[in-house]
Amino acid sequence: MVDTTAGGSRRLPEFFWEKNVNAPWVTSRPEIMVLDCTIRDGGLVNNHQFEDNFVKAVYECCIATGTDVMEIGYKNSDKIVSPNGMGAWRYCHEDDVRRIVGENPSSLLLACMVDAGKSDWKNDILPKEKSPIDVIRVAFYSYQLEEAVAMIQDAHDKGYEVSANLMAVTAVAEPELDHVLDTLIKTPTTTVVVVDSFGSLAPEQSAYLTEKYLKFCEPAGKEVGMHAHNNQQLAFANTIEAIRRGATRVDATLAGLGRGAGNCPMELLIGYLKNPKFNHRAVFECLENHVQPLRKQIEWGPYPEFMITGLFNQHPRSAIAAREGEKRDHYASFYDELAATAK
């Protein structure tokens, strides 16, 4: 209990404070790099149909905030992923990117995500000297490992920094995960990211996976990252736990804007990191002027349907469909449907 002393002042009881414990959370770790994926992951909410002024505002916010990397979208093939109803940020053609950033004279790195199975990466990823993009993030499922390895090598050979994002790690058996990690560390990727695609991880599981990834990556000189979804409102907690265990590449979005339940909110993350390079006010200014007005047009956040898919370690596509259908907010029946399929 909290002790109330005379005069109305309050103090924490002695047992709250652990003795002789180092307190790394009160100082910053400058080696941690933050990636903003508002446009890329947030684009999954509105088919990447962000207007140029919104993308430009996020870009300028990243610069003003001191964010290290901005993921501006996907580089999927418009021959594989139909452009009907899709915005420019599903494909990130160089002319579209330059329309927003020019040649990006800032120190902010620009990234694109390239999906295995959805990208003509041999042709659509240009040599680095012909593109304002700096980082290619290769996203793949475990059964696509062979293609992912080829994609990583191709992007590296073209001059990009490369990140490997194994999706849906919570659906991968541990021996298979070990094989994937052992394979990835032999590629020229600089970072391997723990990706909680279904938002089903708890912090202790994030800790376990981060430490597992580090056991493979550290001896090979690779960094470990975290990309969390907020189905159980644990994206921030899972990201913190990954940082505490040694992850140095972490993802976040403005107001958590992202597919379904969204992601780790940028405004929470940079507050936690305490790095003086971050301009916290710039985030809130962008939230006020650009992100909050989007809530009148599109929906994201940890609605109960997304929590339920997270609990059952399921892809949120069924929750997205439920939120868009006639049974929106019929939480109990949605739970029953997923519980029946999980048996």
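Before you start: a residue is called buried when its relative accessible area is under 20%. Keep in mind too that this is a predicted model.

**Exercise 1. Work out how much of strand 8 is buried, and which way its residues point.**

Solution. 
- Step 1: Go through residues 191-196 and apply the cut-off of under 20%. Six of the six residues of strand 8 pass, so the strand is largely enclosed by the rest of the structure.
- Step 2: Sort them by direction. Thr191, Val193 and Val195 point one way, while Val192, Val194 and Asp196 point the other way. Both sets are buried.

**Exercise 2. Find the strands that pair with strand 8, and follow the chain between them.**

Solution. 
- Step 1: Start with strand 7 (residues 161-166), which pairs with strand 8 in the parallel sense over four bridges. To get your bearings, look for serine 163, which sits opposite threonine 191 of strand 8.
- Step 2: From strand 7 the chain goes through helix 6 (residues 174-184) to strand 8, a right-handed β-α-β crossover.
- Step 3: Now take strand 9 (residues 223-228), which runs parallel to strand 8 and is joined to it by six bridges. Here aspartate 196 has alanine 228 of strand 9 as its bridge partner.
- Step 4: Trace again. Strand 8, helix 7 (residues 203-217) and strand 9 form a β-α-β unit that is right-handed.

**Exercise 3. Decide whether the buried residues of helix 3 line one face, and say what they pack against.**

Solution. 
- Step 1: List the buried residues of helix 3 (residues 94-101): Glu94, Asp96, Val97, Ile100 and Val101.
- Step 2: Look down the helix axis. These buried residues fall within an arc of 160°, so they line one face of helix 3.
- Step 3: Check what they meet. The buried residues of helix 3 pack against helix 2 (52-65), strand 4 (69-74) and strand 5 (109-115).
- Step 4: Step past the end of the helix. Glycine 102 follows helix 3, and its phi is positive, near 60°.

**Exercise 4. Count the disulfides, then check cysteine 37 and cysteine 217.**

Solution. 
- Step 1: The count is zero disulfides in the structure.
- Step 2: For cysteine 37, the nearest cysteine sulfur belongs to cysteine 264 and is 9.2 Å away. The cut-off for a disulfide is within 2.5 Å, and cysteine 37 is in none. It is buried, at a relative accessible area of 0%.
- Step 3: For cysteine 217, the nearest cysteine sulfur is that of cysteine 37, 19 Å away, and again there is no disulfide. Cysteine 217 also counts as buried, with 0% relative accessibility.

Conventions
Residues numbered from 1 in each chain as written. Predicted model: local features only at pLDDT ≥ 70, side-chain atom pairs only at ≥ 80, totals over all residues. Heavy atoms only, no water. Buried < 20%, exposed > 50% of the residue type's maximum accessible area, 1.4 Å probe, protein only. Helix = DSSP H or I, 4+ residues; strand = E, 2+ residues; numbered from the N terminus. Arc of directions from axis to C-beta. Contact = heavy atoms within 4.5 Å. Pairing = 2+ DSSP bridges. Right-handed = clockwise from strand over helix to strand, strands pointing away.
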